[in-house]
Amino acid sequence: MTQDLIPAYAISNENQRWITTRFQDAKRILTVTGSGDQAMFYTINGAAHVDTYDIALFARVIQDIKTTALKILNHAEYCELVENLCNMYGDYNQAKHIEKILPHLPPASKDILNKHGKYARFNRGSMYPEHLPTANEYARMQATITQPYNFIHTPLNRLHEHISGQYDIINISNIFDTVDWREQLQIMSSLLPHLSVGGRILYIAQMNKYNYDAIKYENPKTGIKFEYEGKFVSNTDPFGPKIISFQRTR
């Protein structure tokens, strides 16, 4: 199996409610596709435009499954579908309600499943049921998400080659957890021209052995700022995500 056919998450392993409300003024977003929850929560929390990217083709599929399901399923059915797809190491066609969704998928996702469906895997990224949308959130998603999201198939270190314009937020999720610091600097440098003034690259760190609290650096001459933005903690998610931002200040 090639790298682009690696499994995709059916449920995010990050608390998207918390992450996507941190910067309410951000309107133009570029975020990792992941489980599709990233883009969907950004939309209901005020984003006017959201593009997504991922190295995994099945990330596009799960995102398209979810945005298609909004038009067809009620909230309870949607949750059943997503929970069925979690850890679906067998035939994804056996997931509850999937038969209502597949005929209506965008052509690109249909093509991926036609060519590579035998490899399709949708893992559970979290053991926290609160990462599913509430009934109210689902209604807002149905009202605001009417088209599939633009998807860019690329590894993070090539992302800059496929985008134009500037974003208020570029969310790289926890990808830096496994990336050497030299490559991290190269990636941030390549994405800097695609940040608006005041825009941020967000690294959602999940490496619990590190203490990020002291990160605070600003260089007015270069117009960059590193900062620890905070950590999410709950009774069910004690090792919740932490946000480190790389901001363009001028």
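Which residues have the most contacts inside the largest nonpolar core? Keep that in mind as you go through these points, and remember that this is a predicted model.

1. **The main core.** The residues with the most contacts inside the largest nonpolar core are Y42, F58, I65, L81, L85, I101 and F122. That core has 52 residues. Helix α3 (residues 57-69) gives the largest share of it, seven residues. Have a look at L81 in the viewer: leaving aside its neighbours within four places in sequence, L81 is in contact with I65, A69, L73, A95, K96, H97, I98 and I101.

2. **Helix α8.** Which residues of helix α8 (residues 181-191) are buried? They are Q184, I187, M188, S190 and L191. These residues sit on the same side of α8, because they cover an arc of only 160 degrees around the axis. Here's a handy rule: an α-helix has 3.6 residues a turn, so residues three or four places apart point the same way. The cover over the buried residues of α8 includes β6 (167-171), β7, β9 and β10. Check the start of the helix too: D180 caps the N-terminal end of α8, with a side-chain oxygen 2.9 Å from the backbone nitrogen of R182.

3. **Strand β10 and its partners.** Strand β10 (residues 242-248) is mostly covered, with six of its seven residues buried. Strand β7 (residues 195-205) runs antiparallel to β10, and six bridges join the two. Within that pairing, I201 stands opposite F246. Strand β9 (residues 224-231) also pairs with β10 in the antiparallel sense, this time over seven bridges. For an example, find K231, whose bridge partner in β10 is K242.

4. **Aromatic pairs.** The count of aromatic pairs comes to seven. Take Y78 and Y138: their ring centres are 4.8 Å apart and their planes stand at 45 degrees, so the pair is tilted. This pair links distant parts of the chain, as Y78 is in helix α4 (residues 75-85) and Y138 is in helix α7 (residues 135-144), 60 residues apart. Both Y78 and Y138 are buried. Another tilted pair is F226 with F246, at 4.9 Å centre to centre and 55 degrees between the planes. Because F226 lies in strand β9 and F246 in strand β10, the pair ties together parts that are 20 residues apart in sequence. How exposed are the two rings' residues? F226 is partly exposed, with a relative accessible area of 22%, while F246 is buried, with a relative accessible area of 6%. You'll also find one aromatic cluster formed by F176, Y203 and Y212.

5. The side chain of T20 makes a polar contact with the side chain of N45, at 2.8 Å. Skipping its neighbours within four places in sequence, T20 is in contact with Q38, F41, Y42 and N45.

6. **Out in a loop.** Finally, K209 sits in the loop between β7 and β8 (216-219). K209 is exposed, with a relative accessible area of 66%.

Conventions:
Residues are numbered from 1 along each chain as its sequence is written. This is a predicted model: local features need pLDDT of at least 70, side-chain atom pairs count only at pLDDT 80 or more; totals for chains, interfaces and linings use all residues. Side-chain values use heavy atoms; hydrogens and water are left out. Buried means under 20% relative accessible area, exposed over 50%, partly exposed in between (1.4 Å probe, protein chains only). Helices (H or I, at least four residues) and strands (E, at least two) are DSSP runs, numbered from the N terminus. Two strands pair if DSSP finds at least two bridges between them. A polar contact is a pair of N or O atoms within 3.5 Å; within protein, one must be able to donate a hydrogen and the other to accept it, and residues adjacent in sequence count only if both atoms are side-chain atoms. Contact means heavy atoms within 4.5 Å. The arc is that of the directions from the helix axis to the C-beta atoms. A nonpolar core is a set of buried Ala, Val, Leu, Ile, Met, Phe, Trp, Tyr and Cys residues joined through side-chain atoms within 4.5 Å. Rings of Phe, Tyr and Trp (its six-membered ring) pair if their centres lie within 6.5 Å; planes under 30 degrees apart count as stacked, over 60 as edge-to-face and the rest as tilted.
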